[in-house]
Amino acid sequence: MVHQSIEMYHWFKIRIRPYMILEIFLIITLIMVLYKQQTLSNQNDQVIEMVTTRIATPELGPSLVRGASVDNAHSSRSNLNPIIGYDQTNLVLLDRPQPPTHKAWCSNEHNPVLTINLAKYIKPISVSYQHSKWTHDIPSSAPRTYDVVACLDFYCENWKPLLSNCEYSSQSIGTEQFCNISFHLNVPLIGKVQFRFKENYGDSEMTCVHLVRVYGEPKPEIIVDKKKLMREQFCNDLKLYYHNSSIQYTLAEKNCTVLYENDCCLECPECCEECLISDINWRLFMLIYVLTMVGGILAMGLARIVHEIFHSC
């Protein structure tokens, strides 16, 4: 009996066990992938819950760390965005105690403009401009007066003035100087502003901007429905992809039904105008592909095991 058991063990080890290693590995991999996906989903739910809490204190609108960015398509050409080389335009939003002189946003256009995508929609309270540290005479390239407008559409073709003739004064103390926005100004929550520089301190054709800030109150929301928040995020991402990344827009999970169910036509009407029924849900496609491959391999492994059993009898 012992001898037969040993023979069966060696037969199993030689004939069957090698074919099961790959199948077991794939099953473990699939379980880990599904577990990871569930973990990420739970984490996303927790993040959404954290975002829904109210932030009542005024906060900084354009901050590179918080998620703001320069809209290069609707800003003047600058030295930080050369034709050949790295785009460093967003350095004008990087909050630093003393911005370095050689990293300023400089443009030789007449009355240059700088358009900023804010980190979130806010009710603007004030703006500030900060130049690099200077001692006696203010640099000739420093902006002297500028206007600020609120962009009411993506292209900033429809806008409303926030400030006129805000002056960066050579008589003030400190490199950061503020201009307050009138409390009585009837301006909706905004997500994009445009600085319009009118003159600088010298005869130089170059105007150099070091650091701009916008202060404001965020959208007053206490509790937001998770589904609503996810719909808004989906539509915002889709709009961003449409205008900035054709590859991400093509790969995004969307079709006409999804667009209309999430009310994306108000946020991104262009997406609904070019609605494509045949867009692929890549996540579902990959899941089906993986399951099909694993099922096929398991079936082939089972067939080999049955074949070995019958041939060994």
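Cys235 and Cys264 form a disulfide, with their sulfur atoms 2.1 Å apart. The pair links distant parts of the chain, 29 residues apart: Cys235 sits in helix α2 (residues 226-244) and Cys264 in helix α5 (residues 264-267). This is a predicted model. A search of the whole structure finds five disulfides and three salt bridges.

**Overall fold**

- The protein has seven helices and ten strands.
- Of its 313 residues, 35% count as buried.
- Among contacts with a separation of 6 or more, 77% are between residues 24 or more positions apart.
- The accessible surface comes to about 20,000 Å². Carbon and sulfur atoms account for 60% of that surface.

**Disulfides**

- A disulfide is a covalent bond between the sulfur atoms of two cysteines.
- The link of Cys235 and Cys264 is left-handed, with -80 degrees about the S-S bond. Both Cys235 and Cys264 are buried.
- Cys106 is joined to Cys208 by a disulfide, S to S 2.1 Å. The pair links distant parts of the chain, 102 residues apart: Cys106 is in strand β3, and Cys208 is in strand β9 (residues 207-209).
- The torsion about the S-S bond of Cys106 and Cys208 is about 115 degrees, so this disulfide is right-handed. Cys106 and Cys208 are buried.
- Another disulfide is formed by Cys166 and Cys179, their sulfur atoms 1.8 Å apart. Here the connected parts are strand β6 (residues 159-167), which holds Cys166, and strand β7, which holds Cys179. The two cysteines are 13 residues apart.
- With 95 degrees about the S-S bond, the link of Cys166 and Cys179 is right-handed.
- Cys166 is buried at 3% relative accessibility. Cys179 is buried at 14%.

**Salt bridges**

- Asp71 forms a salt bridge with Lys192, and their closest N and O atoms are 2.8 Å apart. The pair links distant parts of the chain, 121 residues apart. Asp71 is in the loop between β2 (69-70) and β3 (105-107), while Lys192 is in strand β8 (residues 190-200).
- Asp71 counts as buried because its relative accessible area is 8%, under the 20% cut-off. Lys192 is also buried, at 6% relative accessibility.
- Lys198 forms a salt bridge with Asp147, the closest N and O atoms being 3.8 Å apart. The pair links distant parts of the chain, 51 residues apart: Lys198 is in strand β8 and Asp147 in strand β5 (residues 143-151).
- Lys198 is partly exposed, at 37% relative accessibility. Asp147 is buried, at 17%.
- The side chains of Arg213 and Glu176 meet in a salt bridge, 2.9 Å from N to O. Arg213 lies in strand β10 (residues 211-218) and Glu176 in strand β7 (residues 176-180), so the pair ties together parts that are 37 residues apart in sequence.
- Arg213 is buried, with a relative accessible area of 6%. Glu176 counts as partly exposed, at 23% relative accessibility.

**Glu270: a buried charge**

- Glu270 is found in helix α6 (residues 269-273).
- Glu270 is buried yet has no salt bridge. The nearest side chain of opposite charge is Lys239, 6.8 Å away. A salt bridge requires a side-chain nitrogen of Lys or Arg within 4 Å of a carboxyl oxygen of Asp or Glu.
- Leaving aside residues up to four places away in sequence, Glu270 touches Tyr155, Tyr242 and His243.

- Cys256 is in helix α4 (residues 256-261).
- Cys256 counts as buried because its relative accessible area is 15%, under the 20% cut-off.
- Cys256 and Cys271 are 15 residues apart along the chain. Their C-alpha atoms are separated by 9.1 Å.

Key
Residues numbered from 1 in each chain as written. Predicted model: local features only at pLDDT ≥ 70, side-chain atom pairs only at ≥ 80, totals over all residues. Heavy atoms only, no water. Helix = DSSP H or I, 4+ residues; strand = E, 2+ residues; numbered from the N terminus. Buried < 20%, exposed > 50% of the residue type's maximum accessible area, 1.4 Å probe, protein only. Contact = heavy atoms within 4.5 Å. Areas by Shrake-Rupley, 256 points an atom, 1.4 Å probe, with all protein chains shown as cover. Lys, Arg positive; Asp, Glu negative; His and termini not counted. Disulfide = S-S within 2.5 Å.
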